[in-house]
Amino acid sequence: MEIGFIGLGNLGTVMVDNLLERGRHLHLYNRSKQKLKAYEGKATIHESIASLAEACDIIISIVSDDKAVEAISLGDDGLVNNMKKGAVHVCLSTIAPATSASLHEAHQQKGLEYFSATVIGRPEVAKARNTTVCMSGITQHKEAVVEVLKDLGGKNFYDFGEDVRSAAVIKLCNNFLILAALEAMGEAFNLVAKSGADTAAFFQMITETLFSAPIYKIYGKIIVDKTYDTPGFTSQLGLKDTKLALALAEEVGATVPIADVVKNHFIINHNRGRNGYDWTSIAKVIEEESSSL
């Protein structure tokens, strides 16, 4: 089966490299043509989405947000109007569940398949082939899709049923838990520092005892070392996911007050020119705001 891949961001690039290392032949498209140059001679490069869509049976996409997914999917040059009958579009992006549902319907009307497979893990986790994949939807190519997802770095697979919205819900709620942890660590580490205690020693203690999970070890170290300017996941994307979580909560009638706090910190962060920094940099906002009290 011919495999297409759209989206050469930080995570997408690692996934493509993993697929090539596994001997997969790929068809590639990226909005920024500069990133495609590294793959000349290694994969089939396409100048348009339509060209890639016509050539592939399985198309993987991982782009930044809802608008980007809709842009590659809809329109005259998009996937929906150019994919082979029976082909499947596997969306790895973190988007609104409602967007997943509307894209599923648009694909279905053309005799195409849309499958949601959201990925949990930073680029370094994908490079180690240790990401978690949350899947939902229906596709006749499911076994083949799972094998491709394994080759691009998936290790742990969880199937959330036939509703394509479910994987999107799960990914948003997963990221909301990370956001809450970032806020809590930022506040706690700042309180330790303001009290004159050793923040690095505090970090070591919590990650060797009650908080020995990867989230606290990976993100806590970034906050302690203040290495915010080398992003694995940007503050801009963090704000996007926070807004998606808030919108989902409003849609279903749930309350997520922590998300409002985090959203405000992201907005302040962006106003201070750090939208391209790692999303842990909201801890910098917490530090700055407490200094002004």
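**Helix packing in a predicted model**

Colleague: Which residues of H1 are buried?

Modeller: Leu11, Gly12, Val14, Met15, Val16, Asn18 and Leu19. Buried means under 20% relative accessible area, with over 50% exposed and partly exposed in between (1.4 Å probe, protein chains only). Helices (H or I, at least four residues) and strands (E, at least two) are DSSP runs, numbered from the N terminus.

Colleague: Where does this come from, and how is it numbered?

Modeller: This is a predicted model, where local features need pLDDT of at least 70, side-chain atom pairs count only at pLDDT 80 or more, and totals for chains, interfaces and linings use all residues. Residues are numbered from 1 along each chain as its sequence is written, and side-chain values use heavy atoms, with hydrogens and water left out.

Colleague: What do the buried residues of H1 pack against?

Modeller: Strands E1 (3–6), E2 (26–29) and E6 (113–120), plus helices H5 (123–127) and H6 (142–151). Contact means heavy atoms within 4.5 Å.

Colleague: What follows H1?

Modeller: Glycine 23, with a positive phi near 85°.

Colleague: Switching to H4 and H7. At what angle do the axes cross?

Modeller: Roughly 155°, for H4 (residues 97–109) and H7 (residues 164–194), and the axes come within 8 Å. Axes are lines fitted to C-alpha atoms, for helices over the stretch in contact, and angles run from 0 to 180 degrees between N-to-C directions. H4 and H7 are therefore roughly antiparallel. The cut-offs: under 35 degrees is roughly parallel, over 145 roughly antiparallel, 65 to 115 roughly perpendicular, the rest oblique.

Colleague: Which residues meet there?

Modeller: From H4, Pro97, Ser100, Ala101 and His104; from H7, Val164, Arg165, Ala168, Val169 and Leu172. That contact of H4 with H7 has six nonpolar, two polar and one charged residues. Ala, Val, Leu, Ile, Met, Phe, Trp, Tyr, Cys and Pro count as nonpolar, Asp, Glu, Lys and Arg as charged, and the others, Gly among them, as polar.

Colleague: And H7 with H11, how do the axes cross?

Modeller: At roughly 70°, coming within 10 Å; H11 is residues 257–271. That makes H7 roughly perpendicular to H11. Phe176, Leu179, Ala180 and Glu183 of H7 make the contact with Ile258, Ala259, Val261, Val262, His265 and Phe266 of H11.

Colleague: Last one. Is alanine 249 buried or exposed?

Modeller: Buried, because its relative accessibility is 6%. Alanine 249 lies in H10 (residues 235–252). Leaving aside neighbours within four places in sequence, alanine 249 is in contact with Ala254 and Val256.
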